[in-house]
Amino acid sequence: MAQPRAWQRMLSGRRLDLLDPSPLDIEFEDIAHGLARVARWNGQTVGDHAFSVAQHSWLVEDVTVHLLGSATTEQRLYALLHDAPEYVIGDMISPFKAMIGDAYKTVEARLQAAIHLRSGLAAEPSDKLKKTIKRADRMVAWFEATHLAGFSESEAEKYFERPSGLAPEALDLKPLPTLEAQAMYLDRVQAVMAGAAA
């Protein structure tokens, strides 16, 4: 019996093996294309467009820089790419991830390592930076939950971190059209990789 297909064809022409992803098969254009089309909150957000993982990712980078006070190119890039595997495997909501367990985490971790290596980063960030990015992620999720996904502030506090020192006006929470989100994400990644301010 033939093994099930475990690779994904990308629009760039790359064939990405999900079980053994190679950094050589990672293209940033594919990442931007995919993340701009993956909806946060399974699409259950207000607005004319989905709030994409691409938008979420650059907000997490902004908040990471805010938490660090200043950030190196590498720190910013790790933050921008923190959800990059979702360009292939989608954005599963946290309750579903908890139900699936370790199989999902293994595939996600392999993809994340390949993306980091393709970016010129170490396969894993330091534990300290990982915790800072996770905190930024939870703070952005709180804003998204309360401004886009219908959560009350008290409900959001049970699951996410209420941001301190950040106002919602500091973040662009307006869902963008797909092509605009795609271009903005790719521009940000390329600018950060060049060591320039986006």
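This is a predicted model: local features need pLDDT of at least 70, side-chain atom pairs count only at pLDDT 80 or more; totals for chains, interfaces and linings use all residues.
1. Residues are numbered from 1 along each chain as its sequence is written, and side-chain values use heavy atoms, with hydrogens and water left out.

2. Start with the core. The largest nonpolar core has 53 residues, and Ile31, Tyr87 and Tyr185 touch the most other members. A core here is a set of buried Ala, Val, Leu, Ile, Met, Phe, Trp, Tyr and Cys residues joined through side-chain atoms within 4.5 Å; buried is under 20% relative accessible area, exposed over 50%, and partly exposed in between, with a 1.4 Å probe and protein chains only. At least two residues each come from helix 1 (28–35), helix 2, helix 3 (73–80), helix 4 (86–89), helix 6 (102–118), helix 7 and helix 9. Helix 7 gives the most, with 9 residues. (Helices are DSSP runs of H or I, at least four residues, numbered from the N terminus.)

3. Tyr87 is worth a click. Skipping residues up to four places away in sequence, Tyr87 touches Met10, Leu16, Ile26, Asp30, Ile31, Gly34, Leu35 and Ile115. Contact means heavy atoms within 4.5 Å.

4. Now helix 1 against helix 9. Their axes are 8 Å apart and the packing angle is about 140 degrees, with a right-handed crossing. Axes are lines fitted to C-alpha atoms over the stretch in contact, and angles run from 0 to 180 degrees between N-to-C directions. Phe28, Glu29, Ile31, Ala32, His33 and Leu35 of helix 1 meet Gln182, Tyr185, Leu186, Val189, Gln190 and Met193 of helix 9. That contact divides into 8 nonpolar, 3 polar and 1 charged, where Ala, Val, Leu, Ile, Met, Phe, Trp, Tyr, Cys and Pro count as nonpolar, Asp, Glu, Lys and Arg as charged, and the others, Gly among them, as polar.

5. Helix 2 (residues 53–68) also packs on helix 9 (residues 178–193), at about 35 degrees with axes 9 Å apart. This crossing is left-handed, i.e. the near helix is turned anticlockwise from the far one by less than a right angle, clockwise being right-handed. Ala54, Gln55, Ser57, Trp58, Glu61 and Asp62 in helix 2 face Ala181, Met184, Tyr185, Arg188 and Val192 in helix 9 as contacts. The tally is 6 nonpolar, 2 polar and 3 charged.

6. Beyond its neighbours within four places in sequence, Glu144 contacts Arg40, Trp41, Phe51, His56, Ala149 and Leu173.

7. Thr146 sits in helix 7 (residues 127–147) and is buried at 19% relative accessible area. A polar atom of its side chain lies 3.4 Å from the backbone oxygen of Phe143. Leaving out neighbours within four places, Thr146 contacts Phe151, Ser152, Glu153 and Ala156.

8. His147, also in helix 7, counts as partly exposed because its relative accessibility is 39%. Neighbours within four places aside, His147 contacts Val46, Pro168 and Leu173. His147 and Leu173 are 26 residues apart in sequence but 7.7 Å apart in space, C-alpha to C-alpha.

Conventions
A polar contact is a pair of N or O atoms within 3.5 Å; within protein, one must be able to donate a hydrogen and the other to accept it, and residues adjacent in sequence count only if both atoms are side-chain atoms.
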